[in-house]
Each structure stands twice: as structure tokens, then as C-alpha cells.
Amino acid sequence: MHVAFIGIGNMGGAMAGHVAGSEHSLAVFDPRPDRVEELVRAGARGASSPADAATGADVASVVVLNDEQVREAVMGAAGVLQTLGSGAVLAIHSTVTLECLRDVEAAAGAIGVRLLDAGISGGVPGARAGTLLVIAGGDASTIGSARPALAPWSREIVHCGPIGAGMVAKVARNYLQYGSFGLVHEAQTLAQAGGVDLAQLAHIARTTGALDYADKLLDREQATARPPEELGDVAAVLVEAAELGFKDLDVAESIARELGVELHTLPGARAGYGPAIGIDLQG
């Protein structure tokens, strides 16, 4: 296959490097000449624009920063849609808005180019190792056509649904990660304010599986929060669990107030706790 790469920074450069070492031919574009030169030495053709890189490509991968850069690289005066032929696959690996994806899908579809919403996860280490996870939205046939071009740098393609589903799954995954940063920071702040050593907190949390419960929730269907009278025999158990949880969150709020620590994530934790275990005590 002939593959084009637009954007060869830390992620894109490592990904394209695996393609350069494969059986595929490769053309690359980046506004930074030094990045292009590295891949030219590895066997790629350096292109003068995204459109130049995409000329004759079976698959064009776009790995740029944001909506604005995706729009320019794809739909700009020198964008890949100027030269991609009907039936070619355009893979958007950048994290962008659904509006951006819809606009790209419309522009690509108008000339017969197939869009693949193909978020990536694994960071620079995964890109360098060739073990990125592709979180995809689009037609199964499009994924099948693009798979050989994605294989040199990925370990798995997870098909989440139509265009947009891959992006939603990628953002939900990132929300879990980045949201946990705030939770950990607040827990550390609360512990330190009370004179607790952070190494002790880490040991306690890991020994008691404090972070394991959220992981277990991910492995099941989302619970439907229902009032106790609808829960039958399990009502007593869930009510007790919910009341204990809410009590502990109330204690956390009280202690934080006494120590002068603001827990920004507490309202969300309180609002989500009942629904997470499938009980509604508010209603």
C-alpha cells in the first residue's frame, strides 16, 4: 500500500517510522523540515504539502494537534482532499470535536474518500514500540481496508461503532485518566493536611484495593438507579452500602472543612455514587 502521514511529531513520527520500515511505501509531510529529513533517511518521500503527501495514497493518516490543524490539513487549499482519490481511506488520529469530524466526513464523502475516526492511545512509548491501541469509528469495511497500514504501529483496533463513536470512546477513556488525577491530588491534599505521610496513604490505598472498585465497575453494564422499593431482595444490601458511602463522603467533607481543604470533586462523587451501584435514595 501507499501510505501518507500528515504530522510527524513525537507520536506521528514514531508511527510513521514503523511504516517506513514495513513493506508499504510512505510519503510524509510536516512543517518542520528536520522531522521530514529523519523519515526520508528511513526511506520515506518528503512531501511539500499534505496534498502532495496524499497523492496516490491508499491510506492517509493525520496526526496533528487540534480541530483547526485537522481542518487545514484535510480541507485546506493544500489539504489531503485535494489529491486523495475515491475509495482511499482518510484516518483521523487526532482528538477533535464531533463537529470537526462531521465536517471532515461530509467533505470526504463528497469525493468518495472513506473516513476512519481512529483515535490512538498508548502515548509516545506505545508509538515507539508499535503497540498503540486504535479506538475506531467507521464502517467495518473501511477498517478492513486501512488495517494493513495501521498494523505496523498498532497492537489492536477496537471498533466502537459509526463515525464519532471512536472519538467518544477515546475522550471517555481520557476523562477517566485525567479525572483521576484530580481525585488523587485532592486525596493527597486532604491526607497531608491531616499530617498523614503520602507513602502511607499510597500503601493503604493499594493494600485495601481503593482503586480496584472503579476498575470493577468498568467491567459491567451501567447500573440503572432505582428506588429501594423496586429492588426486591437486594434493596437492604444496596441501601446499607449507599448509606455507608454517603456517610463517608459526608465525613470527608466535614474533615476537609475543618482542615481548610476544598474538595472540588466531592459534588460529582456524591452525585454519582448512588447511580454507580444502582440505587436512588433521593427520589
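Colleague: Is Ile 255 buried, partly exposed or exposed?

Modeller: Buried means under 20% relative accessible area, exposed over 50%, and partly exposed in between, with a 1.4 Å probe and protein chains only. Ile 255 has a relative accessible area of 39%, so Ile 255 is partly exposed. This is a predicted model, in which local features need pLDDT of at least 70 and side-chain atom pairs count only at pLDDT 80 or more, while totals for chains, interfaces and linings use all residues. Residues are numbered from 1 along each chain as its sequence is written, and side-chain values use heavy atoms, with hydrogens and water left out.

Colleague: Where is Ile 255 found?

Modeller: Helices (H or I, at least four residues) and strands (E, at least two) are DSSP runs, numbered from the N terminus. Ile 255 is in helix H11, residues 235-259.

Colleague: How many aromatic pairs does a search of the whole structure find?

Modeller: Rings of Phe, Tyr and Trp (its six-membered ring) pair if their centres lie within 6.5 Å; planes under 30 degrees apart count as stacked, over 60 as edge-to-face and the rest as tilted. The search finds 2 aromatic pairs. The ring centres of Phe 246 and Tyr 273 are 5.5 Å apart and their planes are at 80°, so this pair is edge-to-face. Phe 246 lies in helix H11 and Tyr 273 in helix H12 (residues 266-277), so the pair ties together parts that are 27 residues apart in sequence. Phe 246 is buried at 15% relative accessible area, whereas Tyr 273 is partly exposed at 26%.

Colleague: Which residue forms a salt bridge with Glu 253?

Modeller: A salt bridge is a side-chain nitrogen of Lys or Arg within 4 Å of a carboxyl oxygen of Asp or Glu. The partner of Glu 253 is Arg 270, with the closest N and O atoms 3.1 Å apart. Because Glu 253 lies in helix H11 and Arg 270 in helix H12, this pair ties together parts that are 17 residues apart in sequence. Salt bridges that share partners join Asp 250, Glu 253, Arg 257 and Arg 270 into one network. The structure holds 8 salt bridges.

Colleague: Which side chain does a polar contact join to that of His 93?

Modeller: A polar contact is a pair of N or O atoms within 3.5 Å; within protein, one must be able to donate a hydrogen and the other to accept it, and residues adjacent in sequence count only if both atoms are side-chain atoms. The side chain of His 93 is joined to that of Ser 61 by a polar contact of 2.9 Å. His 93 is buried, with a relative accessible area of 3%, and sits in the loop between strand S5 (89-92) and helix H5 (98-109).
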